[in-house]
Amino acid sequence: MRHLVIAYGAGVITGVLTTWEAARRWERAAWAWSWASGWLSEAAWLAREAAGWIVGVVLVLAAAGVVVWLAF
């Protein structure tokens with residue numbers, strides 16, 4: 001009977017520790033995904049901003065080229 005109690009206790013302790021470790025790892029993975037998601041959304045926003053500036057510069061240069069072409 002004593003062996004059964006020891007085996008049951010060891011099983012409970014193992015289950016608790018395994019569950020705790022799995023929850024800790026899940027929390028860390030969720031935090032990492034959240035952090036990466038924040039950085040990816042920031043990078044996407046910066047890329048949109050850069051694309052807007054690039055389009056603006058190209059349009060200004062094209063307009064200046066048209067003005068120079070029409071002037072001569």
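Author: Let's start with Val-55, which is partly exposed at a relative accessible area of 48%. Buried here means under 20% relative accessible area, exposed means over 50%, and partly exposed is in between (1.4 Å probe, protein chains only).

Reader: Hi! And what kind of model is this?

Author: This is a predicted model, where local features need pLDDT of at least 70 and side-chain atom pairs count only at pLDDT 80 or more, while totals for chains, interfaces and linings use all residues. Residues are numbered from 1 along each chain as its sequence is written, and side-chain values use heavy atoms, with hydrogens and water left out.

Reader: Thanks! Where does Val-55 sit?

Author: Val-55 is in helix H1. Helices (H or I, at least four residues) and strands (E, at least two) are DSSP runs, numbered from the N terminus.

Reader: What box do the C-alpha atoms fill?

Author: Along the principal axes, the C-alpha atoms fill a box of roughly 105 × 10 × 5 Å.

Reader: Nice. How far is Val-55 from Ala-10 in that shape?

Author: Their C-alpha atoms are separated by 66 Å, with Val-55 and Ala-10 45 residues apart along the chain. Another pair is Tyr-8 and Ala-47, which are 39 residues apart in sequence and 57 Å apart in space, C-alpha to C-alpha.

Reader: Is Tyr-8 buried or exposed?

Author: Tyr-8 is exposed, and its relative accessible area is 61%. Tyr-8 lies in helix H1 too.

Reader: What share of the residues count as buried?

Author: Of the 72 residues, 0% count as buried. The accessible surface of the protein is about 6800 Å², and carbon and sulfur atoms hold 78% of that surface. Accessible areas come from the Shrake-Rupley method with a 1.4 Å probe, and for residues only the protein chains shown count as cover.

Reader: Which residues form a nonpolar patch on the surface?

Author: Met-1, Leu-4 and Val-5 do, with about 390 Å² of accessible area together. Patches are made of residues with over 30% relative accessible area and no salt bridge, where like charges are joined within 9 Å and nonpolar side chains (Val, Leu, Ile, Met, Phe, Trp, Tyr) within 5 Å. Leu-4 is found in helix H1, which covers residues 2–71, and counts as exposed at 60% relative accessibility.

Reader: Switching topic, how many salt bridges are there?

Author: The structure holds two; a salt bridge is a side-chain nitrogen of Lys or Arg within 4 Å of a carboxyl oxygen of Asp or Glu. Arg-24 pairs with Glu-21 at 2.7 Å, N to O, and Arg-25 meets Glu-21 at 2.8 Å, N to O. Together, salt bridges that share partners join Glu-21, Arg-24 and Arg-25 into one network.

Reader: How are those pairs spaced in the helix?

Author: Arg-24 and Glu-21 are three residues apart in helix H1, about one turn. Arg-25 and Glu-21 are four residues apart, also about one turn of the helix.

Reader: And how accessible is each of them?

Author: Arg-24 is partly exposed at 30%, Glu-21 is partly exposed at 22%, and Arg-25 is exposed at 54% relative accessibility.
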